[in-house]
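Subject: Structure for you to look at

Hello,

Here is the structure I promised to pass on. Please open it beside this email and follow along.

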Amino acid sequence: MRPFDPRLLRVVPAARRPVAALAAIGIATGVTTIATAFALAGVVVAVVDDRPVAAPALWLGALFVVRAVLAWATEVVAAWAGVSVSTALRTALVRAWGSGGARPDRTTAVSLATAGASAVEPYAARYLPTLVTAAVVPVLAVATLAVVDWPSALIVVATVPLLPLFAALIGHATADSTQRRWAALASLSGHFLDVVRGLPTLVNYGRAGRQVEVVREVSERHRRATMETLRIAFLSSAALELLATISVAIVAVTVGLRLSYGSMALGPALVAILLAPEAYWPIRRVGQEFHAAADGATALDDIIGALDDIIGALERAGAPAAGADAPFARVDLRDVTYSYAAGLAPVVRDLDLVVGSGLYVITGTSGVGKTTLLDLVAGLKVPTSGALTAPPSHYVTQRPFLAAGSIRANLTLGHDDRRVPGSDDHLWQALRAVGLDGVVAGLPEGLSTRIGDDGFGLSAGQRQRLALARAWLAPEPLLLLDEPTAHLDPDAAEAVNALIVALAHRRIVIVVTHRPELVAVADEHLHLLPLPDAGDPAPTATHHDLVPAATHEVTP
Amino acid sequence: MTTSPTAAPDVRVGVEGLTKPQPLRPGSASDHRGRIALAGMLGGVATASGVALTATSGWLIARAAERPIILTLMTAIVAVRTFGIARPVFRYWERLVSHDASLASLAARRSAAYEALIPLTPARLGRRRRADVLTAVVHDLTDEVEAQVRVTVPVVSSAVAGAIAIGFTTVIAPPVGLVVALVCASVVLVSAVAHRMETSSLGALVAARAEVVRVSELVTSQADELRAIGAWATAARWLDDAHDGVARATRAAVRGRALAAGTYLLVVAAATIATAAIATGLEVSNPVKALLVLTPVALADAITPLADAMRARAQARAAAARTAKLLAQDPAVRDVRGSLPADAGAGSEQFRGVRLTDVAAAWDGSNALGPFDLGVGAGEAVAVLGPNGSGKSTLLAVLARHLDPLSGRYDVHTAAGSHDVLTEPLAEARARIAVVDDEPHVFATSLRNNLTLARPGATDEDVLQALDRAGLGRLVAGLPDGLDTILGAGGRGLSGGERARLAIARAHLSGRPLMVLDEPVAHLDPPTARSVLADLLAPRRDTDDRGASTYPHDSDAGQGTAPGAGEDTARVAPDGRRPAVVLVTHRPDGLDLVDRVFTVTHPHR
């Protein structure tokens, strides 16, 4: 794994400022630390030589005040950087998915956007600052030493590379067993989470009691396995620390010898022994922090990988054809083919379709591609091949989204920046149109009544009608309705059908349904047939046969 | 059906064979505390060695500057070397002891918490998103126990190093000893303030983070639905608002630790200057003066880790409080007598049905729902329909014996007659019912073990048949490792529909006569939802014609799958015994496939 992935700055521009701020503070801290060594040496020399201590003490005090401010700023900026980077990653991911980027399955997507992005926080807040210090301080310390006392600098330059070399040797010798151990550890430490999350299932089948002993046993094994791994890790870091101490001791001894021969003054000697350790410790520390931030680094890798893919794909695809800015007057599909992934059989194949006005009803058996067709027209899915243009649409899906919030907020959802007349009168009119006014009026707080996630407290039919009221309010010239009456009893379905017909007077309405009532009043009717398997003869009927108020059967 | 321990490997296969079983070393809690204190002492020696290393180096240099005979430097050189070696050695030792003790304590804490969770599962884990509640418990336990390494050890280490520094400086020069003592007192004070600030800001931070998780989960999983209605920009703004909340809470939370980090250095500066002023007037040798002046600076290494330790302490205490609160709840069901073996009831009785009469129940003692009447006969399929919040889940919880009713009767009818379920041992009552909930868990183990936990003695043939009945036959046939395929974290991923089917296959395999499904398809898209339910319910209609559905809506024969008759018969167990099904749902999918629909109306507000 790389210590720092520069793709972060390219893919997530919002991460640039925090990283730059961390670097700036890291450099400032490094410089102040070096300066403090001089001031401290000055104070000691003054005390030892019995000279006035005030002047060097003032310098020391001032430098410590600067360091205190920098220490304060490091904490603040590190926390800010952690939040900004993880926030920027999450926003970039969610926006990429929202603009039609290929999304992994629901579970992976959710975990990437929640836990994944959060895991990056310690990486940015703790590891990156240490990394900056490790890159800056040793270089500054050695450079200063070279000026103050070049023999000490020579010793440090000769021994510093031993640290990573030594670390690499230890790492190499144990890489195999470490790899194996980490895999085993991951499985052991995952076990508890697994049986705890599965507790309802285990309780259900009466298996939970026995797991107590298993949990204890596996936790003990986890302890032993972890300790085996940690022993090696601790041993190597102890060895590195010993190496650093010995190197500092060599510096101290040579400095001491030169002092006692009188070939060196006390001041530079003190600076040398104060600076020499600074050349070593950040390198050791970065190793510790990296261990702590390893999860974040892995998550970062996953997220940047996902973002890279989406950005690449979007760049290749160019601007989406069904853009909301383009004022197309009609829905126009030419040779549209769609399959879920390359190599999979298409769901829709070579479909031509023109819808200019009125009520257009699509029927067909389950799984034939009706919903996919609406998704394509709405721009939620991008055709694998072919051309598609459509005016901006409002699409009532089979499980319409209802937010936790008031009925009013749900009716005006998405309209707040488009200045749709949101007066309560208008909302009541919409509720009346779907026959929900009585229900809402009966609620204690009317339009302000809160409904929960996914429409808590409303029946499926009421949720469906609320979504239709929202569609009634929506300003888009194209309405797409997927099974709008599926959840309704016959009376309500009849009312909704009448509403749909009325809506079709002033906009284009495309309805997917399996009910005959709407087909009877449709301006056009398309019946989709299942796609023949590969090798079957091509279907004969095409959309060219379509005429108003006639039923045609085509394969999508 | 065997109940011997060897037949219960359940979900541990993924971790088998790592180390040979060894006798456990179950340390007591006080034992762990003692070892953590020892680790703190060792850390103190390591930290003090570091301080001494810097101080004696200064002494060595100052002595060398006096140009003595080289031999007289030997004491200083030996001291520097000793401290230089002591620091890494004692640090290594401290880490071994502290991590070992902490992991042992984690093992003990985990099994204790697991045991405490069992009687609270599932009714006391919240109504939905139980897996998230349980995940939080796991993380909180880790935070709580890690505090030993991240808090106790550094605090004890710093205290030990501080005490040693006070002792030595006091012996050499009492006024400097006083300065060092004042440093320690100030550090304690600053740390206490930082801890208080961390604690007071933590609640808001946890809440803000939870809000980000809620919103990003909502926006991610409903991206298409939001875009469909043109609400994407609004949703993106929700996420921005949640992010702003976290940024604000983080700014507030960092104050304590930033203040501590800055103030510690100011304390060190003041102490260094004071020591320098005192040292000039002292009647000690120059090298000792150098040693004294360098001591406060060297102490900085012992002080700065405390800022992190205070944060960790605040987090650990909050985590411990959350876990304690969850585990302190009373179980939602009282067990009548001691538990019997889990599988006692299922095979031994001839199940004819269950009946709830006039049952009212509540999750928390208030807002009772009901009364309900519900009867389910053997092999019958009943859907319980109603809006969210109407009491469907409450009804289910009573039926599954997860929740004691406040009033009413719950009877089971068997060939031997009827009896009261509420006076039965809990294990016996539950052994009748297989519950499939809305977040079916897939264990990180083989496909076979994922099923046989429902019936440990099951043969591969039984398992394959159960999978086939749940509509997973084709999936299994396509797996190169078949039943040995490892699922779950690190294994083959399953889609939402496959997970629901796996849970149904588990229920089939259990052979329990009543299957209760709680919103099994709530997270699935409509076509998948319909096909899962069709595979569960359809065979019943084709092979066991009970007449038309009583569902009032006109049903559509074209919807759902329309499998051939031969395929259907294959899905029915050869003994012809099918479980009764109670399907709790707020969606209409599959309602045309059940025998009866039981509608729970919304309670009056």
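Start with two helices of chain B, α2(B) and α3(B). From α2(B), the residues E94(B), S98(B), H99(B), A101(B), S102(B), S105(B), L106(B), R109(B), R110(B), A113(B) and L117(B) meet α3(B). On the α3(B) side, the partners are L134(B), V137(B), L141(B), T142(B), E144(B), V145(B), Q148(B), V149(B) and V153(B). The residues of this contact divide into 10 nonpolar, six polar and four charged. Here Ala, Val, Leu, Ile, Met, Phe, Trp, Tyr, Cys and Pro count as nonpolar, Asp, Glu, Lys and Arg as charged, and the others, Gly among them, as polar. Contact means heavy atoms within 4.5 Å.

Now the geometry. Helix α2(B) spans residues 74-117, and helix α3(B) spans residues 130-172. They pack at an angle of about 150°, with their axes 10 Å apart. Axes are lines fitted to C-alpha atoms, for helices over the stretch in contact, and angles run from 0 to 180 degrees between N-to-C directions. The two helices are therefore roughly antiparallel. The cut-offs are under 35 degrees for roughly parallel, over 145 for roughly antiparallel, 65 to 115 for roughly perpendicular, and oblique for the rest. The crossing of α2(B) and α3(B) is right-handed. A crossing is right-handed if the near helix is turned clockwise from the far one by less than a right angle, and left-handed if anticlockwise. Helices (H or I, at least four residues) and strands (E, at least two) are DSSP runs, numbered from the N terminus.

The loop between α2 and α3 of chain B holds P122(B). The peptide bond from T121(B) to P122(B) is cis, with omega near -5°.

A word on the source. This is a predicted model, in which local features need pLDDT of at least 70, side-chain atom pairs count only at pLDDT 80 or more, and totals for chains, interfaces and linings use all residues. Residues are numbered from 1 along each chain as its sequence is written, chains are lettered from A and ligands numbered from 1 in the order in which they are written, and side-chain values use heavy atoms, with hydrogens and water left out.

How confident is the predictor in chain B? The mean pLDDT there is 82, and 84% of the residues score at least 70. pLDDT is the predictor's confidence in each residue, from 0 to 100.

Next, chain A. It has 17 helices and 11 strands. Of its 556 residues, 53% are buried. Buried means under 20% relative accessible area, exposed over 50%, and partly exposed in between (1.4 Å probe, protein chains only). Among the contacts in chain A with a separation of 6 or more, 76% join residues 24 or more positions apart.

Which helices of chain A are mostly covered or largely enclosed? One is α9(A), residues 266-275, with nine of its 10 residues buried. Another is α11(A), residues 370-378: seven of its nine residues are buried, so the rest of the structure largely encloses it. Its buried residues include K370(A) and D375(A). After α11(A) comes G379(A), with a positive phi near 85°.

Which residues does R227(B) touch? Leaving out residues up to four places away in sequence, they are W97(A), G98(A), S99(A), G100(A), G379(A), L380(A) and W232(B). R227(B) sits in helix α5 (residues 223-228) of chain B. R227(B) is buried, at 19% relative accessible area.

Look also at W472(A) in helix α15 (residues 460-473). W472(A) is buried, at 14%. W472(A) and L431(A) are 41 residues apart in sequence and 9.0 Å apart in space, C-alpha to C-alpha.

Last, two residues with positive phi. E483(A) is not a glycine, yet its phi is about 50°. E483(A) is buried, at 7% relative accessible area. R401(B) has phi near 60° and is buried too, at 1%.

Best wishes
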